[in-house]
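User: Hi! Could you walk me through this one before I start my notes?
Analyst: Happy to, here it comes.

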Amino acid sequence: MSRVIAARHRRATDDPRWAKVLVIGSVMAFLALVLILPLVAVFAEAFRKGIGAALEAVGNPDALAAVKLTLITAAIAVPFNAVFGLCASWAIAKHDFWGKSFLITLIDLPFSVSPVVAGLIYVLVFGLQGWMGEWLLDNDLKIIFAVPGIVLATIFVTFPFVARELIPLMQEQGTSEEEAAVSMGASGLYTFWRVTAPNVRWGLLYGVLLCNARAMGEFGAVSVVSGHIRGLTNTMPLHVEILYNEYEFVGAFAVAALLCLLAVVTLVLKTALEVAQPDVRAGRGGH
Amino acid sequence: MTAETAERRPQAKRPLFRRRSAIPGFGLTMGVTLTVLSLIVLIPLSAVVLKAAQQSPAEFWSVATSERALAAYRLTFGAAFIAALVNGVFGVLTAWALVRYDFPGKTVVNALVDLPFALPTAVAGIALATLYAPTGWIGQFLAPLGIQAAYNPVGVTIALIFIGLPFVVRTIEPVLRDAAEDVEEAAASLGASRFDTIVRVVLPALAPAWLTGFALAFARGVGEYGSVIFIAGNMPYKSEIAPLLIIIQLEQFEYARAATIAVVMLAVSFTMLLIINAIQAWSRRFA
């Protein structure tokens, strides 16, 4: 009976069929133009001279050095920000104190700073003309135009990723489970490990995933502090830039295709996580 | 008397800034959070302000408002504004299609919306430059029409459309999902047409989220570097964005000048951040 009615009368919140087709059609066309076409173009350009040429460009020693530096940078920056995110979310979500929302704003700050400015600030602190320039020179330490600067700039631009994922998640979960554990005599570390960590592990993974994608792909901030020394301070995105500016298009797009694969894998894992664990999306805003 | 002191005592012992909690680890995690935040974000950011402040106010003003800098701000803010508007339109349509309609490939579309977050900006930059160059897949159709899409402000806008899209979609989506459909049903049952319902009931309710998404996309566009420089052409006074101007000053070892432009951009970013927070506080009053 009710099915008959449903078939005859549209629900008040249903749009007419032509409107649906129009909206879905224009959305698909827009996304194909803006998102899919660039992705396809990268692979088309990479394989323009055949798979051999593309593989050769990726196997080039400078390209391999860039891949290695990108992996090293992410291997330091991502765990660093994960530990920071866990500390910050424990302090913020499990305790009450004055100025909490201001602290959250400060943690979010790197998202609203231009990547170029993010690089600039470290040049002003650690560069030759910077605050610590002379001291670093005297002690034979190099941060700018070297790997530590690249790692620092990467940590800065990916700073909020894990924290902003975990803070809303932990706030939503409340403190009652931890209070129960502590009142029964569990130590703080034990409570964290056996009660909190299992509750937030998928959210943590989600944050780490996004953090890693940005860490491996960061360009502006790293470009300012790197000095572009081939084989030494070139990350993959910087290597892409150098090859592109030298009109080595096959090489540039071959390395770019590797980064595209990273992006696609990130999106697939992220979608799989969202489907399996709908909570992880709970705290996500626009980033 | 004794009863009175006993009553007062716990209050006197309570720290001013924090309510006591049974959960341990506040001191440690808060200490780590504040230390890392200061060392990575706050102190380096203050370096740029102090560097800019080394100049006299007159010098600062003349650098901040030089012809070339003003041209760069106009391009950066103008392109970011137009791109955010375009995303404002297609972002709403995309969010609407994702929340209200079922269509084949919806999961893929949903994952794809986040591509600009996952794809390294330099990769997006060279892909867009290749597509929209006069010989590119899209550029070759625009060239006979007399439209040049790459290496000018149009190219900058195209890159910023790519970068900003997810901000609008992901800000509107949850609001649309939580919106009560019974309001729309009420409007329909009172005789409003579907069009009237959407324009007068649905869209006004989305306004705060739309503004937030617009502001986020705009703020991101203003600071964006990697995806823009390949397609911009980078001609002084014509297609040179503000972040690039910082890099150019830096390459000429004009640190104070670089810091000056950076301070102007930081001021804009923080203003945007305040506006976004204000919009969100304002929308919560109606929630």
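User: Great. What should I know about the model and the numbering?
Analyst: This is a predicted model, so local features need pLDDT of at least 70 and side-chain atom pairs count only at pLDDT 80 or more, while totals for chains, interfaces and linings use all residues. Residues are numbered from 1 along each chain as its sequence is written, and chains are lettered from A and ligands numbered from 1 in the order in which they are written.

User: How many helices and strands are there in chain A?
Analyst: Chain A has 14 helices and one strand. Helices (H or I, at least four residues) and strands (E, at least two) are DSSP runs, numbered from the N terminus.

User: What percentage of chain A counts as buried?
Analyst: 47% of its 287 residues. Buried means 20 or more other C-beta atoms within 10 Å of the residue's own, exposed means 12 or fewer, and partly exposed is in between, with C-beta atoms placed from the backbone.

User: Switching to the interface: how many residues of chains A and B are in contact?
Analyst: 76 residues of chain A are in contact with 81 of chain B, where contact means C-beta atoms, placed from the backbone, within 7 Å. On the chain B side, α2(B) gives the largest share, with 14 residues. That side of chain B divides into 58 nonpolar, 14 polar and nine charged residues. Here Ala, Val, Leu, Ile, Met, Phe, Trp, Tyr, Cys and Pro count as nonpolar, Asp, Glu, Lys and Arg as charged, and the others, Gly among them, as polar.

User: How does α2(B) sit against α4(A)?
Analyst: The axes of α4(A) (residues 61–93) and α2(B) (residues 26–53) come within 8 Å and cross at roughly 125°. Axes are lines fitted to C-alpha atoms, for helices over the stretch in contact, and angles run from 0 to 180 degrees between N-to-C directions. That angle makes α4(A) oblique to α2(B); under 35 degrees counts as roughly parallel, over 145 as roughly antiparallel, 65 to 115 as roughly perpendicular and the rest as oblique.

User: Which residues meet there?
Analyst: Among them are Phe84(A), Cys87(A) and Trp90(A) from α4(A), and Phe26(B), Met30(B) and Val36(B) from α2(B). By class, this contact has nine nonpolar, two polar and no charged residues.

User: Is Tyr151(B) buried or exposed?
Analyst: Tyr151(B) is buried because 21 other C-beta atoms lie within 10 Å. Tyr237(B) is exposed, since it has 12.

Technical notes
Two residues are in contact if their C-beta atoms, placed from the backbone, lie within 7 Å.
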